[in-house]
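Please look through the sequence and the structure shown here.

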Amino acid sequence: MTIATVRALIEPHDLERHPLARAHTLPAQWYVASDFYAFELSHLFPRCWQYVGHCSQLPSPGCYLVADVAGRSVVVVRDQGGALRAFHNVCRHRAGPLATRNGCGARVLQCQYHGWTYTLEGHLRGIPHWDRVDLFDRRDYGLLPLFVEEWEGLIFVSLEQPLVSLSELLAGIRERIAPTDLRRLHFHTRVVYPIACNWKAYVDNYLEGYHVPIVHPELNKVLDYTRYVTETYRYYSLQYSPFRADSDTSTYGQNAHEAFYYFIFPNMMLNIVGSRLQVNLVQPLAAERCEVIFDYCYEDVCSEAAQAQIAADITYSDTVQREDGEICEWVQRGLRSGAYRTGRYSVEREEGVYHFHELLRDWLRIELAEG
Ligand code: FES
Ligand SMILES: [Fe+2]
């Protein structure tokens, strides 16, 4: 993928800076062209913090989880000292996987192909049938480490030196949502939705409540649409909505008077209502395909009352998610049709979409200037 190929997809005016009231949306080609997608996958995602899971999934040394980050398989493990480590899930022998599913209680990471073993710190330890091999130093064959950090119980990995630190990326969220404390939560369930659209089409849809009255008539009855506001920050935006005083929000538990919908550039969302956190990750799979991960976390994941509430919460979200997935697939067809190049934004309702597009255009401006 050369910069020249991507440049051919970008008209100079597509990268011009305009105020929201005069700006155009991103060109359809950026959602359709496989070259553009390949460029994002090789130049954007490897330098962005990507959510991989919750620390309650790795409670003790020897617990590990497997995740996909920008198309690469990654293994995250809690080492003997209790620290988090992340590695490419690729054995140094012949590229087999160290793990194919999450697990706990491992004393070493053992390759699932021919059984090479690595310490939880990533050093190569055991090699079956290795007599007579010459000019080989096992210190040269450790697992390749990645950047890994935790924030409020959520684990993030970056394949390369990240564009910004994790604390800078998420600065201010903790204070804004107080007294809700995300560190008290436990992972409950993961649900994954494949959607036939570009990852950005799904993000765009998430970033506005403009579509709520048409696409989600039931949700519209609960949210106080007149008080739905968007706040934009450096690397994230927040859609905030108090609930209608008369609405039934019992599925969210006590203290559910308001909803925080955070979008964190480029492809992550935190949906916080009362003491329930839903983490969404929009995984790019191909130019016109993505999957959306829903990780549900709650303060109480054990009691019988909580179980019933959680089941109701997940069922409810599932309905909304199907409505979103369906409209996003229609939009993708529209983007591919040749009948659409760019559109415009509602100043009142699409500030979040514009903010996301500006972050993407900022990244492109820098990439293309450097290239
Ligand atoms: S590929 Fe890992 S042991 Fe052979
Ligand atoms: Fe929606």
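Arginine 336 has a relative accessible area of 45%, so it is partly exposed (buried means under 20% relative accessible area, exposed over 50%, and partly exposed in between, with a 1.4 Å probe and protein chains only). Its salt-bridge partner is glutamate 288, and the closest N and O atoms of the two are 2.6 Å apart. A salt bridge here is a side-chain nitrogen of Lys or Arg within 4 Å of a carboxyl oxygen of Asp or Glu. The pair links distant parts of the chain, 48 residues apart: arginine 336 is in helix H9, and glutamate 288 is in the loop between strand S14 (276-286) and strand S15 (289-298). Helices (H or I, at least four residues) and strands (E, at least two) are DSSP runs, numbered from the N terminus. Glutamate 288 is also partly exposed, because its relative accessible area is 24%. Elsewhere, salt bridges that share partners join Arg17, Glu358, Arg361, Asp362 and Arg365 into one network.

This is a predicted model, in which local features need pLDDT of at least 70, side-chain atom pairs count only at pLDDT 80 or more, and totals for chains, interfaces and linings use all residues. Residues are numbered from 1 along each chain as its sequence is written, chains are lettered from A and ligands numbered from 1 in the order in which they are written, and side-chain values use heavy atoms, with hydrogens and water left out.

The whole structure holds 19 salt bridges. Side chains of opposite charge can pair when their charged atoms come close.

| Aspartate 79 | Arginine 85 | 2.8 Å |

Aspartate 79 is buried at 4% relative accessible area, while arginine 85 is partly exposed at 32%. Aspartate 137 is partly exposed at 28%, and arginine 139 is exposed at 72%.

Helix H9 (residues 304-336) also contains tryptophan 330. Is tryptophan 330 buried or exposed? Its relative accessibility is 52%, so it counts as exposed. Together with Ile327 and Val331, Trp330 makes a nonpolar surface patch of about 280 Å². Leaving out residues up to four places away in sequence, glutamine 321 touches Tyr193, Ile195, Tyr202, Val292 and Phe294.

Valine 69 lies in strand S2 (residues 64-69) and is buried, with a relative accessible area of 0%. Beyond its neighbours within four places in sequence, valine 69 is in contact (heavy atoms within 4.5 Å) with residues including Val52, Val157 and Leu159. Threonine 117, in strand S6 (residues 117-118), is buried at 12%.

Helix H10 (residues 351-370) has 20 residues and reaches 28 Å from its first C-alpha to its last, close to the 28 Å expected at 1.5 Å a residue. The expected span is 1.5 Å times one less than the number of residues. Of the 20 residues of H10, 16 are buried, so the helix is largely enclosed by the rest of the structure.

The chain is divided into domain 1 (3-47 + 180-370) and domain 2 (50-154), with bounds from an automatic or database domain assignment. Their centres, taken over C-alpha atoms, are 31 Å apart, and 20 residues of domain 1 are in contact with 14 residues of domain 2.

Notes:
Patch = residues over 30% accessible without salt bridge, like charges linked within 9 Å, V, L, I, M, F, W, Y side chains within 5 Å. Areas by Shrake-Rupley, 256 points an atom, 1.4 Å probe, with all protein chains shown as cover.
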